[in-house]
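I opened this notebook to record what I looked up in one model. The entries follow the order in which I consulted it.

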Amino acid sequence: MSDFVFLNPIWLIGLLPVALLLAWLTLRKKQQSLIAPHIAQALGLYHEATSTYKLLLLALCWTIAIVALSGPSFERQLRPTYSNTAARVLVMDMSRSMYATDNQPSRLIQARYKAVDLLKHWKEGVTGLVAYAGDAYTISPMTTDTATILNLLPNLTPEIMPYQGADAARGVKQAIQMMKNAGLHQGAIILITDELDANERQEITDLLSGTRWQLAILGMGSRSGAPIPTENGALLKTTQGQTVIAKANFNEMKSLAQSVHGTFISVQLNNQDVETLVDATQINTTEHQASGKQQVTNRINQGYWLIPLLLIPALMMFRKGLIFGWLALVISTGTVPRAQASPWLNHNQQAKHLFDAQDYQHSAEQFSDPDWKAAAYYRAKDYQQAIEALSSIQSPTPRQQYNLANAYAKHGDLQKAIDLYQQVLAQDPDNQDARHNLDVVKKAQQQQQQQQQQQQQQQKNSNAAAQNQSSSSQQQQNQSQQKQSQKGQSQTAQSQQDQAQRHQSQQNSQSQSQSQSQSQSKASEQHRAQRQRQNAPSKDEQAQNNAAAKQLQRQQASAPQQSDQASPSQAQKRPSDPEFRKLEQVENARDPSRLLRAELMLQAEQKEPPEDNHKSW
């Protein structure tokens, strides 16, 4: 009895009604002993002994049921534990030949798909990821969380590799070293590659022969091969100017697998290649079961021995029909439709049934809990109501702040969503969902700001064009006015000339006594003066001409600026724009592939540079 415990002692609270019943029976017995039986019966204080026995029997059955539910345990049981300690490393070829398109859409993308399918089948044990080109590098150490590797796969490209080339032997060697560093002495190496030469095959054979490292090869590409596209759209060429055709050497891969008792399969359109590799690594998995030396102690629940004691009173309840009554009640309660109200459910339970039936609007109206109310409004796409429901919470938890941020993001209030995501990360830095949503919302905010800037720039350009049109119309009006004024001035000069001629003729007629030569010379001089006055422009005309010339010069000087303003897209594409450079730096810093490349560069600095094996692609 020293080892006796209750596994579920919370059920012992159910003994309180039994204690109250016994106390009430004892008090009633004392009251009946103080009064004569015939007087007590007349007062209604006397009952038959059978009712007391029924109450005692009910209390006894209740006590047995409560003790059985509390889980009495008298002994322990030792049980061996088995944990899957399988280990495997995925080694992926990141040479430039993986850009070949004989496996649509490309060898690289198809290899990522196959790696994702493999990782989904490996649910137990530890997994690592290695990428190689001219040298091999650790992408992910040995881990039980395959989701981490799944997030890294889309960022694997040949551009992030510090050294170009192809050396599969270095990738296999790096995988073996990773498993040794994790304290493992056996495991599987899954090599995804599109080419192996004789030297690589020999080096890998030397690494795996006589060891417990198992090799499985997935061959990418095809025997006929395909050209390798580059970043600028051209095809990769040799130094002699010939187009490179990357052919898959399946014979070398198959020979290597046979020499080390491994498995080889070429890439298939169906999922047969993945199933073959999973079966090959499954053999390794079954061998990695821990022995029974590891044991845990479990308590044995002996409460089931008390169940037979309840069968006799249960048979008596059958006779009274109580069991059938309870069964009918349970069945009638369970058959109530989800979306209908039930007298046995409260408002929140009824709202939950409506929520499960995808009637989110009505369920939100019945929920009293703000979390469920906000969730229902969110599912109904009524984000404003969801925001109001979550904002009513006085001391929100990080989870509630995260839900509120999602509602703000869906409603279009991106800045408030960003602030809430940052508050969640300040309290819970490991919240990957909040971090991912924060990046998405920030990118959306940047796009929104860029669109607003473009709209403002277009509006400025339209205003500038309108101003140019108004200035050109004004200039035309000024020119017409100048022409009219010049015409009027010419007419005035002509009238002055006629008056002068008439005056001269009068003088000539009056001065007949003077000499003819003098009169002729004077007349010629006056005629020349009149012609000079007629041809010479006035001061107003000179001022107007100077103003028109200056205005034309200003228009010619402002013409290049207006043409630049008319193309805002070109101005935004200028690399000299400091705001553009800042935005480009921020986007580059957020790019996971750049972070991964930086990590590989750090690993490369700690190694010796690889020797040139004359395989640049």
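**Entry 1: P313**

I began with P313, which counts as buried because its relative accessibility is 13%; buried means under 20% relative accessible area, exposed over 50% and partly exposed in between, with a 1.4 Å probe and protein chains only. P313 has its place in helix α10, residues 311–320. Helices (H or I, at least four residues) and strands (E, at least two) are DSSP runs, numbered from the N terminus. I then checked P313 against L57: the two are 256 residues apart along the chain, and their C-alpha atoms are separated by 8.3 Å.

**Entry 2: basis of the values**

I note that this is a predicted model, in which local features need pLDDT of at least 70 and side-chain atom pairs count only at pLDDT 80 or more, while totals for chains, interfaces and linings use all residues. Residues are numbered from 1 along each chain as its sequence is written, and side-chain values use heavy atoms, with hydrogens and water left out.

**Entry 3: the chain as a whole**

I recorded 23 helices and twelve strands in the chain. Of its 617 residues, 31% count as buried. The chain exposes about 39,000 Å², of which carbon and sulfur atoms supply 53%; the areas come from the Shrake-Rupley method with a 1.4 Å probe, and for residues only the protein chains shown count as cover. Among contacts between residues at least 6 apart in sequence, 71% join residues at least 24 apart, a contact being heavy atoms within 4.5 Å.

**Entry 4: strand β4**

Is β4 mostly covered or mostly uncovered? I found seven of its seven residues buried. On one side these are A87, V89, V91 and D93, and on the other R88, L90 and M92. In a regular strand the side chains alternate between the two faces of the sheet.

I next looked up the partners of β4; two strands pair if DSSP finds at least two bridges between them. β4 and β5 run parallel and are joined by seven bridges, with L129 of β5 as the bridge partner of L90. The chain passes from β4 through α4 to β5 in a right-handed β-α-β crossover, right-handed meaning that, with the strands pointing away from the viewer, the path from the first strand over the helix to the second runs clockwise. β7 also runs parallel to β4, with five bridges between them, and I192 of β7 stands opposite M92.

**Entry 5: nonpolar cores**

Which residues touch the most other members of the largest nonpolar core? I noted L90, M92, L156 and I190, out of 34 residues. Such a core is a set of buried Ala, Val, Leu, Ile, Met, Phe, Trp, Tyr and Cys residues joined through side-chain atoms within 4.5 Å. The elements giving two or more residues to this core include β4, α4, β5 and β7. α4 gives the most, with five residues.

Leaving out residues up to four places away in sequence, I190 touches R88, V89, L90, V91, L118, W122, A216, L277 and T281. Apart from this core lies another, of 29 residues, among them L184, A248, L256 and A257.

**Entry 6: S70 and the annotated regions**

I located S70 in the loop between α3 (49–69) and β2 (72–73). S70 counts as buried because its relative accessibility is 0%. Residues up to four places away in sequence aside, S70 touches F6, L7, N8, P9, W11 and L12.

The unreviewed UniProt entry annotates residues 6–27 and 55–74 as "transmembrane region"; UniProt positions are given in the numbering used here, feature names are shortened, and annotations may be inferred rather than shown by experiment. Residues 6–27 are 55% helix and 5% strand, with end C-alpha atoms 32 Å apart. Residues 55–74 are 75% helix and 10% strand, with end C-alpha atoms 31 Å apart.
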